[in-house]
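Good morning, and thank you for making time for this item. Please have the sequence and the model open while I speak.

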Amino acid sequence: GIVLNPSFYGTFGHTDTMVHEVGHSLGLYHVFRGVSEIDSCNDACLETEPSMETGDLCADTNPTPKYKECNDPEPGNETCGHQHFTHTPFNNYMSYADDACTNSFTLNQMARMHCYLDLIYQTWQPAFKPPPVVMAPQVVEQHHNSVTFEWFPPISGHFYDREVGSVCEKCTEGRVLLQYASNSSSPRPCNPSGHWSPREAEGPPDVEQVCEPSVRTWSPNAGTDQGVVGLSECPPQGCMLQLEFQHPVVPDSLTVWVTFFSPEESALPAIHDILLLTVTGNNISLGPSNVFCDTPLTLKLDVEEEVYGVQFYTMEQHLEIDATLLSSKPDCIFCKHCKPLRYRLLRQPAFTHAPHGLILIEPIRQYTDRDVVLHVLHTYQIQTISRWGKSEPSLPLVHELGGPFCGDGHIQSSKGEECDDMNSVNGDGCSSQCKEEPFFNCV
């Protein structure tokens, strides 16, 4: 909950305090987190430019120190030396400025609050969830009388109607069921004590920092008696962690998140056997595996039997297992009954044959508009439709037939394009927004 001081709340200059505190309750940080709330210049949260990975974890709030005025602060000394901050978000509710200028949240902050409601407070929600909002559509092709655009799936990764607790929440496109371990055990002498337990290996990954020891993992080292000097040895067959999944499936792959770093290049594999537990009892050994602390181990499986669990064996006292994901083969039986989300296309000017929007019968995410008018700006938006209702429209795509677009192979600097490699793929040097991506040497 939220506690407010009655001697301040509602008084002049403090009426936005409630908005600020609700923002914290919905997962928002102060906009000055990356400058004024860091311990040192080596702090992982240090924010030198707006980013989703540092500071307040929102890429549309510029770095700023703690400041109470309705303007940019004067250049001055901060934790990391003399700095000058411009275009600071002093009008943001998560700043420390008073009511005279605080009036807004950013789009990233709004998205973060929605995700926080969806993930952290999901048990407070009704029995169904509203259909998610898709990403804005993008033009991918055009001819003299048509334009083709496509849109990405909802950023939430949901493709089906969502009932709370339903298996359909875990089904992806192609009806692949994704399951994290939901049950665990670890027999002695590796039976952990205190707050370190096999249960820490259940659910999705949750370590605070990769390659660092974490109490949110299972580890043989955690089961040793704290009063004994040195580490107890694992038995000849190794220390064992058993994880089980809610639904037995014919698996496609197994992904394991670990926190382990070996300084010795010649060290034996940290996991000396992985055993798949099958419904028939014909358990399958996958053998030893080297693991890396900053990259999940993913094993492609050629197995035709239903698997309900997995056992990990290790002689490495410092191995830590954080999470395990079992992916089914496509068309999993548990996903068969799931109702796919559908899409409605909205256009201004409206479609002549569908003035209230065009509902796509198939759950496809591409459409070719052959009803376009030359020399007219067309605005396209997408709505997601489920049996519970329809979503808010996506952000708009505004395009004129024949006009330039990101992906046409021509760099329109006036539109902010830094590159154009004729596709909408990220991670290849030129992003889907036609911005140059760092760490590529592009010509």
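Asp273 is buried (under 20% relative accessible area, with exposed over 50% and partly exposed in between, using a 1.4 Å probe and protein chains only), yet Asp273 has no salt bridge. By salt bridge I mean a side-chain nitrogen of Lys or Arg within 4 Å of a carboxyl oxygen of Asp or Glu. The nearest side chain of opposite charge is that of Lys329, 18 Å away; in this count Lys and Arg are positive, Asp and Glu are negative, and His and the chain ends are not counted.

What lies 3.1 Å from a polar atom of the side chain of Asp273? It is the backbone nitrogen of Gly287. Asp273 itself belongs to strand E10, residues 273-278.

A word on the basis of these values. The model is predicted, so local features need pLDDT of at least 70 and side-chain atom pairs count only at pLDDT 80 or more, while totals for chains, interfaces and linings use all residues. Residues are numbered from 1 along each chain as its sequence is written, and side-chain values use heavy atoms, with hydrogens and water left out.

Overall, the protein has 3 helices and 20 strands; these are DSSP runs, helices (H or I) of at least four residues and strands (E) of at least two, numbered from the N terminus. Of its 443 residues, 42% count as buried. The C-alpha atoms fill a box of roughly 75 × 55 × 50 Å along the principal axes.

I turn next to strand E6. Residues 176-180 form E6, which pairs in the antiparallel sense with E5, residues 171-172, over 2 bridges; pairing requires at least two DSSP bridges between the strands. Here Thr172 is opposite Val176. The E5–E6 hairpin has 3 residues between its strands, and Gly174 takes a positive phi near 85° there. E6 also pairs with E14, residues 321-328, in the antiparallel sense over 3 bridges, and Gln179 has Leu326 of E14 as its bridge partner.

Finally, consider Tyr93, in the loop between strand E2 (81-83) and helix H3 (107-119). Is Tyr93 buried or exposed? Tyr93 counts as buried because its relative accessibility is 18%.

Methods
Polar contact = N/O pair within 3.5 Å; in protein donor to acceptor, adjacent residues only side chain to side chain.
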